[in-house]
Number of protein chains: 2
Amino acid sequence: MAFFRNSIFFILLLATAAAVELEADREARRRESDRVTDLPGQPPVKFNHYAGYVKLRPEQPQDQKALFYWFFEAHEPNDVASKPLVLWLNGGPGCSSIAYGAAQELGPFLVQSNGQLKLNDFSWNKAANMLFLEAPIGVGYSYTNKTTDLEKLGDKITAEDSYAFLIGWFKRFPNFKLHHFYVAGESYAGHYVPQLADMIHERNQNSSKDTFINLKGFMIGNAAIDDERDSKGMVEYAWTHGIISDKLYHNIMNECSFTTDSNSTNQTTTHCEEHARGFSLAYSHIDIYSIYSPICLSSSSTSNFTSSILLTATPPRIFSMHELWHKLPLGYDPCTEAYANKFFNREDVQRALHANVTKLSYPYTPCSGVIQQWTDSPTSILPTIQKLLNAGLRIWVYSGDTDGRVPITSTRYSINKMELEIEEEWRAWYHKQEVAGWVETYKGGLILATVRGAGHQVPVFAPQQSLALFSYFLSANTLPSTRS
Amino acid sequence: MAFFRNSIFFILLLATAAAVELEADREARRRESDRVTDLPGQPPVKFNHYAGYVKLRPEQPQDQKALFYWFFEAHEPNDVASKPLVLWLNGGPGCSSIAYGAAQELGPFLVQSNGQLKLNDFSWNKAANMLFLEAPIGVGYSYTNKTTDLEKLGDKITAEDSYAFLIGWFKRFPNFKLHHFYVAGESYAGHYVPQLADMIHERNQNSSKDTFINLKGFMIGNAAIDDERDSKGMVEYAWTHGIISDKLYHNIMNECSFTTDSNSTNQTTTHCEEHARGFSLAYSHIDIYSIYSPICLSSSSTSNFTSSILLTATPPRIFSMHELWHKLPLGYDPCTEAYANKFFNREDVQRALHANVTKLSYPYTPCSGVIQQWTDSPTSILPTIQKLLNAGLRIWVYSGDTDGRVPITSTRYSINKMELEIEEEWRAWYHKQEVAGWVETYKGGLILATVRGAGHQVPVFAPQQSLALFSYFLSANTLPSTRS
């Protein structure tokens, strides 16, 4: 019997090993078929890149959700093994990390007006292996086979599905499992990034070797993190930058309630709606995301991609009642998004990227046109940030200081709310002999850094400085404090 | 007797007429000899320009003070007779309207790094006949034969001497006596311009036809007008633009007294000096006059022209105790002033401009190096502005909104102090389909307009918008409120 039992055990072991090997083979083949080789308009590069889908719950065939990714290995092939792996997330909610982050901001290929791809000299894959994800389902090429799923979206499901994506992605790219892993993002990714980091951190506690994710920290820029403080900061920013009248400023301050505490008496008067409308109008003819830039006047570039979204989740909440805000989601550039929109709708591009394999019933848009509601969005992410700081994660918060949407005043007020002890007080940091911005370091490891003269999408306005900032974040080195 | 008396009268009349004619002839000859014909590096133009000295009190030979001017007729010869006459004044105190206003900002010839003159497509002489003045004595080529005069300078003597200059200049250019006359300037000219306007207004009451000046209004930009409010606004601007720390901001607000009322208890603590030092340091490596511009790193362009001035008159006063502020006078651009400095020191240039005829014992500098003290400088110019507003003058105040030295917050706070009734509330104004800035109109005729994304020297950063603003000011037309 002992022999028999041992034999059975041995056979089972063999079978399991074979199954694991089979799955590994299958993933290796999937990885190979995800390799991008013929992307239209792409300049030649030395690094590999991959794009495709990860099914979130392949063991549940009735749940056909799949998230789309585009992954760029580090710029120098010799660096791939040693550089960390970074997941980049754009915000919205509902906006694509591929159409924005990869194709317009910090990826190696920037989509041009003529449909060509321009090599980005300051691509973040010069510092890391960069993974861009379209999440949740309904964003970009990411899909579900149940349209009712689109009605159940919110922060929680986004984190859950992004986590499931990562587990699947690491199976396909097992070589990156031991790499230091970071999450980065901007705007409403101020929600996504800490929430995903928190989920990874929690699940890592009871994970197997297979599902452990080697998370080391995260970085968020011009990030929505606390509705109350973000709102106050936004109004103050508008006044001190000459955008709203004295009267409107005082009216909002006196008659709108910024508190998000559901227990407190809501003191918002009926006049607040009118003031919110005035505030929206003040920004209606400049680019709130980059207040000193010219706006895109070409009508072909003006989109309403996002007009249907954010009905329930537009921080700052005091303004969410007003429809004009729905045209001002967290995170897009009105001048270049049209190029990305056109590019990712091309069949040859989709073929090259192994995208849209299920033939979606709607066109690709940089921000989702099919997500109709957003069911959950905490008013503050600060508790999550505090928890992860306590857990020892590296956390950097940055802010392009010419953004009116999630301005530096908002971020300062929000971080202040944490009442962290200052380790090194606010000081200039330098890049190429010029002040690139200012930085403050807090005990426990949190860093707040600004990028001078940069709008909401920092890498668009300050590509060199943003790559430098990203590199310092990854290396955990101190930002340069002197000109030389 | 009657005949005789009549004859005497007739002879006297003839003699007087002859004397007047003689003086007119002399002035006409002076005017002709002031004509600039061979300015090195000058591109060909259709308009006349003149440069030279006006002796302030020619009837007192012992008082040999002379102010230097450069006058550009309107760009189109056909416009000379119909366009108004505008006097432009730079600030400092001690900085030259020729080295800055004319040669770097809004004149027709902008001095380049190679010593050539570039035609300015947006020169303000496209809208007016433009007169640039170096005042008071000790500034630029303007001189005195008594060096002790240099110790007695201040706001009062500047206004007095500038007025005397104008009386003399109009004798030389009588054709412009009936033109509508305006004064414009920036920075510390927030003192000069209203003070000179006030003097003209007062003296006009008892003037003869010869000395009447047809003053219609004035315009001041990024102008020091009220020390208390300017200081408060400057500190708030620095915090909301991410330049100073939370701690420093609160320290200054709590421990520095902004009041300039000599009757009030001065609550400034001894710590205030330390905070002022911190504030200066925060700005020491960026250009306070244009906070998002790169600074001029070439050591040859960095000057200490102004280090000896402003010992007594550096608004904001709370910072004047600290020496670092003496390196931050009101109004210069660190990158281009070196070109002007070199250009106006050239002998061929001085010959062409009929300048430096007395062979000054010191070199030409854009801001004076020989003015050692400033004896009077009122803490607020608002009463003068209010008085002239009541007198019916057209008064426009403008502000480039990326200036940290006299920022938009300062100007807003200062104008607010006047408690004027609003006629048309803060709204965007447009140029070439983009928001050029914001504007508010007050009852009584005062207008406050911003220029979006422009630093302290507005015409440098927004030449098109500033020429547009100037033209609207001159025509008293409403700034465009729509894109089209």
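This is a predicted model: local features need pLDDT of at least 70, side-chain atom pairs count only at pLDDT 80 or more; totals for chains, interfaces and linings use all residues.
Helices H3(B) and H4(B) are oblique to each other, a word used for any angle that is not under 35 degrees (roughly parallel), over 145 (roughly antiparallel) or 65 to 115 (roughly perpendicular). The axes of H3, residues 155–172 of chain B, and H4, residues 189–205 of chain B, cross at roughly 55° and come within 9 Å; these axes are lines fitted to C-alpha atoms over the stretch in contact, with angles running from 0 to 180 degrees between N-to-C directions. The helices themselves are DSSP runs of H or I with at least four residues, and strands are E runs of at least two, numbered from the N terminus.

Residues are numbered from 1 along each chain as its sequence is written, chains are lettered from A and ligands numbered from 1 in the order in which they are written, and side-chain values use heavy atoms, with hydrogens and water left out.

Back to the pair in chain B: the crossing of H3(B) and H4(B) is right-handed, meaning that the near helix is turned clockwise from the far one by less than a right angle, anticlockwise being left-handed. On the H3(B) side the contact includes B:Tyr163 and B:Leu166, and on the H4(B) side it includes B:Leu196, B:Met199 and B:Ile200, where contact means heavy atoms within 4.5 Å. By class, this contact has seven nonpolar, four polar and three charged residues, with Ala, Val, Leu, Ile, Met, Phe, Trp, Tyr, Cys and Pro taken as nonpolar, Asp, Glu, Lys and Arg as charged, and the others, Gly among them, as polar.

In chain A, helix H4 (residues 189–204) packs with helix H10 (residues 382–390) at an angle of about 45°, their axes being 10 Å apart. That angle makes H4(A) oblique to H10(A), and their crossing is left-handed. Among the residues that meet are A:Pro194, A:Ala197 and A:His201 from H4(A), and A:Ile385 and A:Leu388 from H10(A); the residues of this contact divide into four nonpolar, three polar and three charged.

Taking chain A as a whole, there are 13 helices and 13 strands, and buried residues make up 59% of its 484 residues. Buried here means under 20% relative accessible area, exposed over 50% and partly exposed in between, with a 1.4 Å probe and protein chains only. Of the contacts in chain A with a separation of 6 or more, 75% come from residues 24 or more positions apart.

Which residues does A:Arg412 touch, leaving out those up to four places away in sequence? This arginine, in helix H11 (residues 408–417) of chain A, touches A:Trp426 and A:Leu448, and also B:Trp239, B:Gly242, B:Ile243, B:Ile244, B:Ser245 and B:Asp246. A:Arg412 counts as buried because its relative accessibility is 2%.

In chain B, B:Ser414 lies in helix H12 (residues 408–417) and is buried at 0% relative accessibility. B:Ser414 and B:Ala224 are 190 residues apart in sequence, yet 9.2 Å apart in space, C-alpha to C-alpha.

Finally, A:Gln457 sits in the loop between strand E13 (447–451) and helix H12 (458–461) of chain A, and is buried with a relative accessible area of 3%. Its side chain is joined to that of A:Glu105 by a polar contact of 3.2 Å, that is, a pair of N or O atoms within 3.5 Å, where within protein one must be able to donate a hydrogen and the other to accept it, and residues adjacent in sequence count only if both atoms are side-chain atoms.
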